[in-house]
Amino acid sequence: MGADNTQINFLDPKKAVFSYSQLSTFRNCTEQYKIVYLDRQRKKDESIEAFMGKCVHATLEWLYQEENLRRPYITFDKICKIYDNVWQDSWHEKIFIVDHSLISNHFYAIGKRCLANYYHKYGPIFDQKVYATELSLKFNIDDKYQFRGVIDRLDQPEKGCWEIHDYKSGKRAMTQNMAKKDLQLAMYQMAVEQNFAPVKQISLTWHFLRNGVEMTITHTADEIEKFKRSISKNIDKIIKASRSIENFYPKETMLCNWCYLWDECSAKLPPNPAKRAY
Ligand code: SF4
């Protein structure tokens, strides 16, 4: 029997621009992938953890703005003020807390701890050789698939030498083994290599802000090639799946608790029970 030709919004691989989140969503739940990337239903709803992470990122982005690089030092009080402002200005009514025993202040304090850990390591001078923050780069794999990635911070300590920095505000830090297998930063390495050739040296650093620890690794050209082959295979799978709606189905896991598409998901009847954050 031929495939069900009910077209979702057919994915044109020549025009599509893929991202790490897209690959990861497809792997975690194809129903969620369909709702977000094919039906293009975007919602403002987000978890308090995601909101806190964004506020911490925005504060660290502020830290490396041109005008701040000229300051002799920055106090932790100033950083806290920026964080407070970002938190208050960005607050909205679609922020949810999965664990009903916790309140938003708990997460606000975790964000502050993230910043305190970072300050302890790099403050008060912050003289890293920052090239850009929140840098959006396009790149391709085998001239076939287009991608876009946003790098938290890219440093250039010397001409041709690059350091990719990624801030994480989640609970767990990665082991070196996990870091070597991490697709997200490997993709950012591809992006930098294509956009800033010739690249002499490149490293990947994760800042696990909550724990105050860091992990730095490098990849060989062979390792990057392996990542490329695996990404290509996964994109082929997505394109193949996109030919029929039957290939998209819910995969219920713990992650559903942090998914705000329960109204759209065929596996969920009630709305997500997470409480509104105040
Ligand atoms: S609620 Fe769960 S199964 Fe449904 S779309 Fe979200 S992650 Fe997938």
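How many nonpolar, polar and charged residues are in the shell around the ligand? In this predicted model, the shell has nine nonpolar residues, one polar residue and four charged residues. The ligand is surrounded by 14 residues. The closest of them are C29, P250, C256, C259 and C265.

Domain 1 is made of two stretches, 17-43 and 248-276. Domain 2 covers 46-122, and domain 3 covers 130-232. The centres of domain 1 and domain 3, taken over C-alpha atoms, are 26 Å apart. Five residues from domain 1 and nine residues from domain 3 take part in the contact between these two domains. On the side of domain 1 that touches domain 3, the elements giving two or more residues are β1 (17-18) and α1 (20-28). That side of domain 1 has four nonpolar residues and one polar residue, with no charged residues.

Next comes a pair of packed helices. Two packed helices are described by the angle between their axes and the distance between the axes. Here helix α3 (residues 48-63) packs with helix α5 (residues 76-90) at an angle of about 135 degrees, and their axes lie 9 Å apart. Angles over 145 degrees count as roughly antiparallel and those from 65 to 115 as roughly perpendicular, so α3 and α5 are oblique to each other. The crossing of α3 past α5 is right-handed. From α3, the contact uses K54, C55, A58, T59, W62 and L63; from α5, it uses I79, I82, Y83, V86, W87 and S90. Sorted by class, the residues in this contact of α3 with α5 are nine nonpolar, two polar and one charged.

Terms used: Residues numbered from 1 in each chain as written. Predicted model: local features only at pLDDT ≥ 70, side-chain atom pairs only at ≥ 80, totals over all residues. Near = placed C-beta within 6 Å. Nonpolar A, V, L, I, M, F, W, Y, C, P; charged D, E, K, R; others polar. Domains from an automatic or database assignment. Contact = placed C-beta atoms within 7 Å. Helix = DSSP H or I, 4+ residues; strand = E, 2+ residues; numbered from the N terminus. Axes fitted to C-alpha atoms, helices over the stretch in contact; angles between N-to-C directions. Parallel < 35°, antiparallel > 145°, perpendicular 65-115°, else oblique. Left-handed = near helix turned anticlockwise from the far one by under 90°.
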